[in-house]
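Student: Could you go through this model with me, one question at a time?
Tutor: Gladly; have the sequence and the structure open beside you as we talk.

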Amino acid sequence: MPSSKRPIRKIACVGEVMIELIASADGTARLGVAGDTFNTAVYLARGLRGTGARVSYVTALGQDPYSGRILSAIESHGIGTEAIERRADMMPGLYAIDTDEHGERSFSYWRSASAARTLFSEPCTVPLARLDEFDLVLLSGISMAILPPEVRAAILDWAERFSAAGGTLAYDSNHRPRLWEDADTARAVNAAMWARADIALPSVDDEMALYGDADADAVVARLKGYGVSRGALKRGAEGPLDLASGATPEGLPQVERVIDSTAAGDSFNAGFLAAVAKGRSDLEAAHDGHCLAAKVICHRGAIIPEEA
């Protein structure tokens, strides 16, 4: 970690937590709680247990029973809830996962009235400035896509000040086309976030799909054009590419059969950021992230049991 940055003791993951329905072959479904940055928060909290670092989640929820279920789930993982907005007459989003025989997933979403879409919108009890209390803040393209344009603009302004003041901003574009108004808006917002990110955690497939890059080299060149100098390009089974050195970690595990790719990128982010918080090198962090993701995709669901 550059000397101008504060030591990482307080971490905030920002975004949306949803009720998750995991479909089974017999027509039944299992109810869970998940969301991209929430998944990362869970694995981060596990990875940093005993270090003194603390992970909190930042979102907006309703006052309904399902919001209460989500809040209880967050607390059960040892994640701080002090920066969660509660909105009357609102509810969390819902999504269903169907997984094919190759472990690839498809999603169906019901999130248009999600309370998380009101995060940082006035009147609120958790203003954007609350993020200044943290040393590391993680945002994703999903976090940005669900918010109104004026809140996105405020986050971009905040991000510059936060980084300049010694905070560390981590970003993963995690592109979901249906969440954005249009592709041009998605490209513009993501480019602005890459330009502000201290740690970039893109996935090669997302970047190529959004920007039309020909290959991983083109993705890296474009990211460097924004000023990205640190992080990892996730490339699935090929292994991550360290954005500073261009190297791929050695000794990466191979997965013979993917059971469920849900949260592969989210868990990678957690492994990477936990290693950074512990003072490990970025290449070591990329190794740790890949190893955690390789473990997660061998089980069903976004959050696997700790003993798995």
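Student: Is D89 buried or exposed?
Tutor: This is a predicted model, so everything said here is computed from it. A residue counts as exposed when its relative accessible area is over 50%. D89 has a relative accessibility of 81%, and therefore D89 counts as exposed.

Student: Where does D89 lie, and what is its phi?
Tutor: D89 is found in the loop between β5 and β6, the latter covering 94-99. Most residues other than glycine have a negative phi. D89 is not a glycine, and yet its phi is positive, at about 60°.

Student: Which value does phi take in A263, and is A263 buried or exposed?
Tutor: A263 sits in the loop between β12 (241-242) and α8 (264-277), and its phi is positive, near 70°, although A263 is a residue other than glycine. Buried means under 20% relative accessible area. A263 has a relative accessible area of 3%, so A263 is buried.

Student: What is omega for the cis peptide bond that joins E122 and P123?
Tutor: P123 belongs to the loop between β7 (105-110) and β8 (136-140). Most peptide bonds are trans. The bond that joins E122 and P123 is cis, with an omega of about -5°.

Student: In what order do the six strands of the open sheet stand, and which strands stand at the edges?
Tutor: The six strands pair in the parallel sense, and their order is β5-β4-β1-β8-β9-β10. The two edge strands each have a single partner strand, so one side of each is left without a neighbour in the sheet; these strands are β5 and β10 (199-200).

Student: How many bridges join strand β4 to strand β5, and which hand does the crossover between them have?
Tutor: Strand β4 (residues 54-61) and strand β5 (residues 80-86) run parallel and are joined by five bridges. On the way from β4 to β5 the chain passes through helix α2 (residues 65-76), and this β-α-β crossover is right-handed.

Student: Which residue in β4 stands opposite C13?
Tutor: Strand β1 (residues 10-14) pairs with β4 in the parallel sense over five bridges. Within this pairing of β1 and β4, the residue in β4 that stands opposite C13 is Y57.

Student: What kind of aromatic pair do F38 and Y57 form?
Tutor: The structure holds six aromatic pairs, and F38 and Y57 form one of them. Their centres are 6.0 Å apart, and with 90° between the planes the pair is edge-to-face. The pair links distant parts of the chain, 19 residues apart, with F38 in helix α1 (residues 36-47) and Y57 in strand β4. F38 counts as buried because its relative accessibility is 1%, and Y57 counts as buried because its value is 0%.

Student: Why is the pair of Y171 and W194 edge-to-face?
Tutor: Y171 lies in strand β9 (residues 168-172) and W194 in helix α5 (residues 183-196), so the pair ties together parts that are 23 residues apart in sequence. Planes over 60 degrees apart count as edge-to-face. The ring centres of Y171 and W194 are 5.0 Å apart, and the pair is edge-to-face because their planes stand at 80°.

Student: How many residues of the lining of the largest cavity are charged?
Tutor: The largest cavity has a volume of about 30 Å³, and its lining includes V14, A116 and S143. The lining residues divide into six nonpolar and two polar, and the number of charged ones is none.

Definitions and conventions. Residues are numbered from 1 along each chain as its sequence is written. This is a predicted model: local features need pLDDT of at least 70, side-chain atom pairs count only at pLDDT 80 or more; totals for chains, interfaces and linings use all residues. Side-chain values use heavy atoms; hydrogens and water are left out. On a 1 Å grid over the protein atoms alone, a cavity is a set of points where a 1.4 Å probe fits but cannot get out, and a pocket is an open set with protein on both sides within 12 Å along at least five of seven lines; lining residues have an atom within 4 Å of a point. Grid points are joined across faces, edges and corners, and a volume is the space filled by probe spheres set on the points. Ala, Val, Leu, Ile, Met, Phe, Trp, Tyr, Cys and Pro count as nonpolar, Asp, Glu, Lys and Arg as charged, and the others, Gly among them, as polar. Two strands pair if DSSP finds at least two bridges between them. Helices (H or I, at least four residues) and strands (E, at least two) are DSSP runs, numbered from the N terminus. A crossover is right-handed if, with the strands pointing away from the viewer, the path from the first strand over the helix to the second runs clockwise. Rings of Phe, Tyr and Trp (its six-membered ring) pair if their centres lie within 6.5 Å; planes under 30 degrees apart count as stacked, over 60 as edge-to-face and the rest as tilted. Buried means under 20% relative accessible area, exposed over 50%, partly exposed in between (1.4 Å probe, protein chains only).
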